[in-house]
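Please look over the sequence and the model shown here.

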Amino acid sequence: MDFDTTLAEAWIRAIAAAVEKEQARLTELDSAIGDGDHGSNLRRGFAAVLTALDGPRPVGPGAVLTKTGTTLISKVGGASGPLYGKAFRAVGAALPEPAGPAAVAEALAAGLDAVRALGKAEPGDKTIVDAWTPAVAAFRTAAAAGASLPEAAEAAAEAAERGARDTVPLQARKGRASYLGERSIGHQDPGATSTALIFRTLADTTTA
């Protein structure tokens with residue numbers, strides 16, 4: 001299985017459905033240590049992405065993800081729009097057609113680089129990076145070992161979910177949550193949680 005246009009579009013539509021389903025949870029997490037708008041912002045952003053994808057169909061998986069990123073940047077407020085927008089644009093720009101597991105791993109790594117460049121965050125700062133970093137590492141390791149795309153995506157999803165859970169004991173050092181200091185400890189980061197959601201939908205989509 002390669003990552004092609006059909007799979008790229010299915011992934012984005014699955015993210016939109018997952019965000020719709022998990023909006024309340026994401027908002028609850030963000031209400032504890034942020035502005036309380038993470039779920040609603042992502043819901044609005046991916047609704048706009050679906051509208052964009054219902055128009056002229058992008059040609060190639062990279063074009064699908066680039067269009068997704070561009071739409072998120074233009075439609076989502078707060079930090080999540082620019083971060084996820086630039087991430088998806090970077091993944092799209094780095095994705096060849098068709099793309100096997102190794103190429104997908106490197107494209108996802110490009111997305112991580114974009115997030116880190118914009119947010120200036122490192123692992124341990126209690127951000128998106130804490131889920132995206134282990135996901136990329138797991139995807140790369142699986143791909144290098146000869147795993148199929150579904151197997152590599154599942155490994156990445158599990159790593160992202162662990163990374164999100166591992167933000168609970170961390171003190172936030174970036175973003176709105178950092179203003180809380182020690183009071184940010186004991187809460188799961190909403191950005192890391194939505195990142196885990198994105199990687200879980202990728203795994204689910206590749207096995208559908």
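## The chain as a whole

This is a predicted model. The chain has 8 helices and 0 strands. From the N terminus on, the order of elements is α-α-α-α-α-α-α-α.

How does the radius of gyration of the chain agree with that of a compact globule? For 208 residues, such a globule would have a radius of gyration near 17 Å. The chain has 16 Å, so the two agree. Along the principal axes, the C-alpha trace spans about 45 × 40 × 30 Å.

Of the 208 residues, 52% count as buried.

## The largest pocket

How much space lies in the largest pocket? The volume is about 520 Å³. The lining of this pocket has 26 residues, and the closest to the centre are Ala79, Ser80, Leu83, Gly175 and Arg176. Several helices take part. Helix 1 (5–33), helix 2 (38–53), helix 4 (80–94), helix 5 (101–119) and helix 8 each give two or more residues to the lining. By class, the lining of the largest pocket holds 9 nonpolar, 10 polar and 7 charged residues.

## The cavity

The count of cavities of 30 Å³ or more comes to 1. The largest cavity holds about 40 Å³ of space. Its lining is made up of Phe3, Trp11, Leu65, Val91, Leu95, Val104, Ala107, Leu108 and Leu202. Helix 5 gives the largest share of this lining, with 3 residues. Which classes of residue line the largest cavity? The lining has 9 nonpolar residues, no polar ones and no charged ones.

## Residues in helices

Tyr84 lies in helix 4. Is Tyr84 buried or exposed? Tyr84 counts as buried because its relative accessibility is 0%, and the cut-off for buried is under 20%. Leaving out residues up to four places away in sequence, Tyr84 touches His38, Leu42, Leu72, Ile128, Trp132, Gly191, Ser194, Thr195 and Ile198. One of these contacts, Ile198, is 114 residues from Tyr84 along the chain. The C-alpha atoms of Tyr84 and Ile198 are separated by 10 Å.

Arg200 is in helix 8 (residues 190–207). Arg200 has 18% relative accessibility and therefore counts as buried, since the cut-off is under 20%. What does Arg200 touch, not counting residues up to four places away in sequence? The contacts are Glu154, Ala157, Glu158 and Glu161.

Glu22 is found in helix 1. Its relative accessible area is 22%, so Glu22 is partly exposed. Glu22 and Leu180 are 158 residues apart in sequence. In space, the C-alpha atoms of Glu22 and Leu180 are 25 Å apart.

| Residue | Relative accessible area | Class |
|---|---|---|
| Tyr84 | 0% | buried |
| Arg200 | 18% | buried |
| Glu22 | 22% | partly exposed |

## Backbone in the loops

Most residues other than glycine have a negative phi, and most peptide bonds are trans. Some places in this chain depart from that pattern.

Where is there a cis peptide bond? Such a bond joins Glu97 and Pro98, with omega about -10°. Pro98 lies in the loop between helix 4 and helix 5.

Lys120 has a positive phi, near 55°. This lysine, Lys120, lies in the loop between helix 5 and helix 6 (129–144). Lys126 also has a positive phi, near 70°. Lys126 too is found in the loop between helix 5 and helix 6.

Are Lys120 and Lys126 buried or exposed? Lys120 counts as exposed because its relative accessibility is 55%, and exposed means over 50%. Lys126 has a relative accessible area of 1%, so Lys126 is buried.

Notes:
Residues numbered from 1 in each chain as written. Predicted model: local features only at pLDDT ≥ 70, side-chain atom pairs only at ≥ 80, totals over all residues. Heavy atoms only, no water. Helix = DSSP H or I, 4+ residues; strand = E, 2+ residues; numbered from the N terminus. Buried < 20%, exposed > 50% of the residue type's maximum accessible area, 1.4 Å probe, protein only. Contact = heavy atoms within 4.5 Å. 1 Å grid on protein atoms, 1.4 Å probe; cavity = no way out; pocket = protein on both sides within 12 Å on 5 of 7 lines; lining within 4 Å. Points joined across faces, edges and corners; volume = space filled by probe spheres on them. Nonpolar A, V, L, I, M, F, W, Y, C, P; charged D, E, K, R; others polar. Rg over C-alpha atoms; globule rule 2.2 N^0.38 Å.
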